[in-house]
Amino acid sequence: MAMTGVNVHGSYIYANPRHGLRAAGFAVLVIALAAAPLVAGDYQLHALIVSMTFLLPALGLNLILGYAGMLSFAQMAFFGIGAYSSALTAMRWGTPFWLNLVVGGLAAGIVAVPLGIPALRLRRYSFVMCTLGFAVIAQTIAKNWISVTRGDLGLSQVPRPRIALWNGGFEITSITSYYYLALVLSVLAVLAFLTLVSSAAGRYMIAIREDETLAASVGTPTWHYRMIAFALSAVFAGVGGSFYVHYFTVISPTVFDPFYANTVLVIVLGGGVGTVGGVVLGSFLFVAVSEALRIAPDLRMIAYGLLLIVIVFACPEGLLPLFIRKIRFGGGTHVP
Amino acid sequence: MLTDAVVNGITAGSVYALVAVGMTIIFGVLRAINFAHGEFYMLGTFGAWWGIETLDLPYIVSIPLALIIVAAIALAVGVLVMKRLIDQPFQIGIVATLGVSLVLQNVIILIFGGAYKMFDGGWIEPVEILGISLSEQRILIVVAALVIFGLLELMVHRTRFGKTIRAVSQNIEACKVVGVNVPVVVIGTFVLGCTLAALSGVLTAPVTVSLYGGMGTSITVKTFAIIVMGGVGNVSGTLFAAWILGLMESFVASYLGLQFRDAVAFTALIVVLTLLPGGLFSKRERF
Amino acid sequence: MSPDPLAALSIRGIEKRFGSIVAVAGVSVDIKLGEICGLTGPNGSGKSTLFDCCTGLQKPSTGRVYAQGLDITGWDMHRIVREARVIRSFQKAVVFRALSVEENLVLCGQMIAFQGMASTFGVGPASRHRVRRLREQAGHLLELVGLSHMRHATAGQISFGQQKLLQFASMLMPEPQVILLDEPMAGVNPILIDRMMENINRANQEQGITFVVVEHNLDAMKALCHRLLVLSRGELIADGTPDAVVRDPAVVEAYLAG
Ligand SMILES: Nc1ncnc2c1ncn2[C@@H]1O[C@H](COP(=O)(O)OP(=O)(O)OP(=O)(O)O)[C@@H](O)[C@H]1O
Ligand SMILES: [Mg+2]
């Protein structure tokens, strides 16, 4: 089988003639987004930035749910951990932006490991509830560890991103520069995600999603890969949290509210679980559009609720297949 | 302080018990956890509040009014959503009921606004029993919980509907083969379970006083903790687990601080899940 | 009775209870290297459970299992496949349904091509080369079992018989020493049964793979196996050549009673 050059698009997992097309679609999207500041106003750019901050935890959820087959509600807990740790590091030591991102991602990933040890022994509902528990406990800690998190007040005046360069670097303040930063970060995250799921490890994760026992019977150390998926999903969320906090410059325990967790779930399920294009589509469709139209939160939540109900029964593969017929990554026939 | 903590714990536990037992029977027949369960508790509270505030009804009349409203909503949700969950993979149930919860919660916020409301009703006069002073409403809550659990035990073991529920819980396939109308059982159980949650909300409102659209969420998550501790499908286990949670919360609130109260349920949940997968009262793994 | 270090599998006093049910009641047997050994018995006689105990899906209540003298009792499933090279199939779960036919094979070959866990994350030229090699190997196997024309089909969408052939081919990917097949011919049409038997024989002769085959189809067993074991209510009641075993009065009675 001839390999297309763009293996970042999973070509050697799901080698099929459509990969050229997919790479082209991705390139067009990136170019369109790069050109967006020419036409979009500040508020639209802000909406796009917000949707890109949600893209990261959504990719994480997609990894654990769409590829490894576990529904986790801990995603926003890891997002919050990433945000807090990154903000605190930057405030205390004035660390550069890239280092903060790494700190946010690592902190979330490291916390995920001890949480995963008990949680990954559980299956189905028990796992779901356990991860929900992590989010509640994370919020309680954020509210009550006042000496560090300042409780309900939260942290404010979190430093804006500083990009270190040969001439000393500069601080990112304008909305357009934020936008490009977010875009670069999103493209990198999507590429990293594609690389991961198209590796042999990604194939093992899909095997676990399909049938854990069968996967073990062909030599998959299932526990290890479930743990890796859990920790990496936390890393994605943590990096997202880090970017979020330096953009908004404030963070409070409300990040652990169900609102955010539900948004991430809607992005992944609504866009198309087990696909990358679906998650990208989902975050733009559900976050950017509703942000840009300034839809009130309660109306938005009603729409999300109806959407979740309709999606699970009517189009469990998400909206992506409706947008582009049959463009599949993880053999997306799997229902959430 | 100690007696206060115990009284509060038992009251809160009885409130939780009424909510959780509904969830546990729904789980039994449908094998789906209901993320919207706390919303029915919230709807019950709002139903009674609306009766009192808008229709100027006395509390005693607003109780059945709230229950009827909630039963009707539950029936609609049952027919539109829950019925379709039969034989579906478990994630479908989680996502669909989460959707229901978002809709119910935010429709209430849309109609009545997101601000806290005051509940003005109930019997909150303190009475003295065995040297302990407590409000009549608290006594009512505990008595109601005991009576309802008694009735539920009777229903599950004696009545035809109860036996059908048990049969469907044990073997849904066999029930289909022998011609049990599974969708009707599922909807019936769902309406019953949600109405119990609503009753709990109506009875608690005079004690908790404030109400708002988002109040159901924390109830839902506490309910998870209780059904895991009690062992899924175990009616009397649910009551004891609820009391245990109520007492733990009340002790944590009195001796450690109120802000830690809501984390108790989840800490208990995680500990029980990982150490005692069958719950506190059973060795068998039920999830 | 000490284990035979030369036996492909030495099963010693394996017993498995589920509460009060005794699924396997103390089975001891040696499977010789290079043989095709049939295992049959009435429904519920414990055949699958015996497989489960040999491959780490279940931990036996008592007894031990050795693979060429190596004690594998209580090992995790993936470790038994990787280190003892004993692989098994399942009655129900057959293939990874969402993956393509070829991907199923590549997945099964990964444990050999990507030994360490870190290597599975690589996407560089070395990993790509490994995957290409796996694809070539998969191509050969698909040709052998006669599925090359559906290599890009989604595995869940091919017929059940074809899925069983695919499953068989997948099990050859990691080059195992022992293959335990749980009812490979159940629900498969007669033409594909012949193809399956042919493939088992070829793998046995050309690669020297030892087989234990659970099967209810006694005609197929007689044609295929060098030796036939019969389980009844968890106990081994017969062990010998297929012809001798099917005439054994104890076996006839077990089937009539079962
Ligand atoms: N996980 C389990 N829990 C309880 N009992 C079990 C379990 N697995 C198997 N059993 C019981 O153990 C006995 C043996 O089952 P097993 O599946 O090994 O039989 P089998 O010989 O493979 O039957 P078949 O020909 O139908 O596949 C049966 O009575 C079965 O009900
Ligand atoms: Mg069997």
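Of the 336 residues of chain A, 62% count as buried. The model is a predicted one. A salt bridge is found between chains C and A, whereas the count between chains B and A is 0.

**Chain A overall**

- Chain A holds 14 helices and 2 strands.
- The accessible surface of chain A is about 11800 Å². Carbon and sulfur atoms account for 70% of that surface.
- Take the contacts in chain A between residues at least 6 apart in sequence: 76% of them join residues at least 24 apart.

**Interface of chain B and chain A**

- On the chain B side, 38 residues are in contact with 37 residues of chain A.
- Three helices of chain B each give at least two residues to the side that touches chain A: helix 4 (90–112), helix 9 (216–230) and helix 11 (261–275).
- Helix 4 of chain B gives the most to that side, with 15 residues.

**Interface of chain C and chain A**

- Here 33 residues of chain C are in contact with 34 residues of chain A.
- The rule finds 1 salt bridge between chain C and chain A. Its partners are the side chains of Glu103(C) and Arg203(A), at 2.6 Å from N to O.
- Polar contacts across the interface of chain C and chain A come to 11 residue pairs, both residues at pLDDT 80 or more.
- Several elements of chain C give two or more residues to the side that touches chain A: helix 2 (77–84), strand 6 (86–88), helix 3 (101–113) and helix 4 (125–145).
- Helix 3 of chain C has the largest share of that side, with 6 residues.

**Thr213(A), in contact with chain C**

- Thr213(A) sits in helix 9 of chain A, residues 212–217.
- Leaving aside neighbours within four places in sequence, Thr213(A) is in contact with Leu57(C), Met77(C) and Phe90(C).
- The relative accessible area of Thr213(A) is 32%, so this residue is classed as partly exposed.

**Thr131(A), a buried position**

- Thr131(A) belongs to helix 5 of chain A, which covers residues 124–144.
- Thr131(A) has a relative accessible area of 0% and is therefore buried.
- Not counting residues up to four places away in sequence, Thr131(A) touches Leu71(A), Ser72(A), Phe73(A), Ala74(A) and Phe230(A).

**Nonpolar patch on chain A**

- Leu99(A), Val102(A), Leu106(A) and Ile110(A) make a nonpolar surface patch of about 370 Å².
- One of these residues, Leu106(A), lies in helix 4 of chain A, residues 97–119.
- Leu106(A) is partly exposed because its relative accessible area is 49%, and the exposed class needs over 50%.
- Patch residues need over 30% relative accessible area, a cut-off that Leu106(A) passes with its 49%.

Methods:
Residues numbered from 1 in each chain as written. Chains lettered and ligands numbered in written order. Heavy atoms only, no water. Patch = residues over 30% accessible without salt bridge, like charges linked within 9 Å, V, L, I, M, F, W, Y side chains within 5 Å. Areas by Shrake-Rupley, 256 points an atom, 1.4 Å probe, with all protein chains shown as cover. Salt bridge = Lys/Arg side-chain N within 4 Å of Asp/Glu carboxyl O. Helix = DSSP H or I, 4+ residues; strand = E, 2+ residues; numbered from the N terminus. Buried < 20%, exposed > 50% of the residue type's maximum accessible area, 1.4 Å probe, protein only. Contact = heavy atoms within 4.5 Å. Polar contact = N/O pair within 3.5 Å; in protein donor to acceptor, adjacent residues only side chain to side chain.
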